[in-house]
Amino acid sequence: MNDVMSEVVQMLTEVVGEDFLLDVEVGPETSFSDDLALESIEFVALVDRLRAHYGDRVDFPAFIAGLDLDQIMNLTVGDVVEHITAREEAHA
Amino acid sequence: MPDVTARGLRFHVQECEGDGPVVVFLHGLVIDNLSSFYYTLAAPVAAAGAHSVLYDMRGHGRSERPATGYSVQDSVADLFAVLDALGHDRVHLVANSFGGVIALNAALLRPDRVAGLALIEAHGPAERSFWHEDLLNTLAKSALLLEYERTADQLLDSGQRRLGRIAATADALLNGTTLMDDLAAAEPVRPAVLAALDRPVLAIYGQHSDVADAGRLLLRHVPNCTLHTLTGHAHTVLQEGTAEILEVLLPWLAHHAAAPALAGAAR
């Protein structure tokens with residue numbers, strides 16, 4: 001697991017609670033909706049943590065604003081990690 | 001800033017930065033929370049130049065859930081206390097469904113702080129006392145089912161985490177707080193009171209909405225009211241008619257909040 005991946009999983013754990021995540025092996029293909037069954041308000045909380053951790057250069061509000069609700073809920077953990085990595089490289 | 005403390009309670013708040021007028025979003029009851037606005041109107045309104053503020057009302061979403069304090073008066077006091085904590089004085093309110101009752105009462109109580117109201121499928125305006133009988137009956141039935149069929153546990157046991165958690169929140173609110181009693185005591189906003197509302201109102205309702213009468217009362221009695229009806233839609237226009245709402249809402253905000261940039265941003 002790369003660094004960004006393990007950081008995202010850590011933040012997910014803070015949002016949904018450790019008990020639940022023990023039952024699910026989180027990988028890049030894991031989707032927030034089908035696999036993790038995240039409530040939409042929990043995804044808001046996750047974005048909040050991502051924003052606080054990676055700062056404005058990752059620009060999650062803009063990333064989210066470009067998608068409709070179905071697209072957002074169909075995102076995978078890998079999609080989010082990829083977005084962070086790409087934005088971080090662009091600023092490196 | 002995800003949390004603020006207001007009236008001794010922790011409220012979950014989200015803000016989308018903008019330099020323009022402050023627009024505050026008020027969500028609906030029980031299974032609703034700030035996410036319904038977060039994924040629909042808040043980002044486009046902020047992208048158009050306004051400063052969007054969203055919060056979970058007490059007991060809802062990720063805000064604290066005390067056992068009491070769910071009256072309309074408490075909800076209005078919560079709104080202004082959250083705005084005080086954030087340092088926002090004069091705002092525009094955008095409300096969905098039962099959030100409309102809070103928005104209308106807030107504007108009537110503090111017209112100095114509420115510059116205008118956009119009411120989407122809003123409850124509240126009515127001519128008689130038992131105005132929200134259908135809503136109360138629906139909630140009472142849900143409360144019984146949740147308690148006696150242990151809906152939340154059953155959903156969670158069968159692996160339906162999202163629905164199970166939504167049911168658990170509804171159960172906690174309907175069976176574990178005074179919300180139902182407080183709602184039953186809520187008075188409607190009557191025509192004579194609507195006539196005294198001297199703030200611009202944009203009313204948006206679905207053509208087949210079960211609360212369309214409230215929209216007609218707003219149009220008939222509020223001196224400065226525009227009514228927009230979404231053809232083919234029922235109560236769930238916020239999710240299903242988002243683009244059309246923005247086409248109406250952004251120019252309306254631009255005009256009434258004196259922020260012309262908003263007008264060009266409708267998509």
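Cavities, sheet and domains of chain B

Biologist: How many cavities of 30 Å³ or more are there?
Modeller: This is a predicted model, where local features need pLDDT of at least 70, side-chain atom pairs need 80 or more, and totals for chains, interfaces and linings use all residues. Residues are numbered from 1 along each chain, chains are lettered from A and ligands numbered from 1 as written, and side-chain values use heavy atoms without hydrogens or water. A cavity is a set of points on a 1 Å grid over the protein atoms alone where a 1.4 Å probe fits but cannot get out. By this rule, the number of cavities of 30 Å³ or more is two.

Biologist: What is the volume of the largest cavity?
Modeller: Points are joined across faces, edges and corners, and the volume is the space filled by probe spheres set on them. For the largest cavity it is about 170 Å³.

Biologist: Which elements give two or more residues to its lining?
Modeller: Lining residues have an atom within 4 Å of a point. There are 19, with B:L29, B:M57, B:Y70, B:S75 and B:I102 closest to the centre. Helices (H or I, at least four residues) and strands (E, at least two) are DSSP runs numbered from the N terminus. The elements are, in chain B, helix 3 (72–86), helix 4 (99–109) and helix 8 (179–184).

Biologist: Which are the edge strands of the eight-stranded sheet?
Modeller: Strands pair if DSSP finds at least two bridges between them. The open sheet of chain B has mixed pairing and the order 1-2-4-3-5-6-7-8. Four bridges join strand 1 to the antiparallel strand 2 (9–16) of chain B. Pairing on one side only marks the edges, which in chain B are strand 1 (3–6) and strand 8 (225–230).

Biologist: What distance separates the centres of the two domains of chain B?
Modeller: An automatic or database assignment sets the bounds, giving domain 1 (3–131 + 187–265) and domain 2 (133–185) of chain B. Their contact (heavy atoms within 4.5 Å) takes 18 residues from domain 1 and 16 residues from domain 2 of chain B. Taken over C-alpha atoms, the centres are separated by 24 Å.

Technical notes:
1 Å grid on protein atoms, 1.4 Å probe; cavity = no way out; pocket = protein on both sides within 12 Å on 5 of 7 lines; lining within 4 Å.
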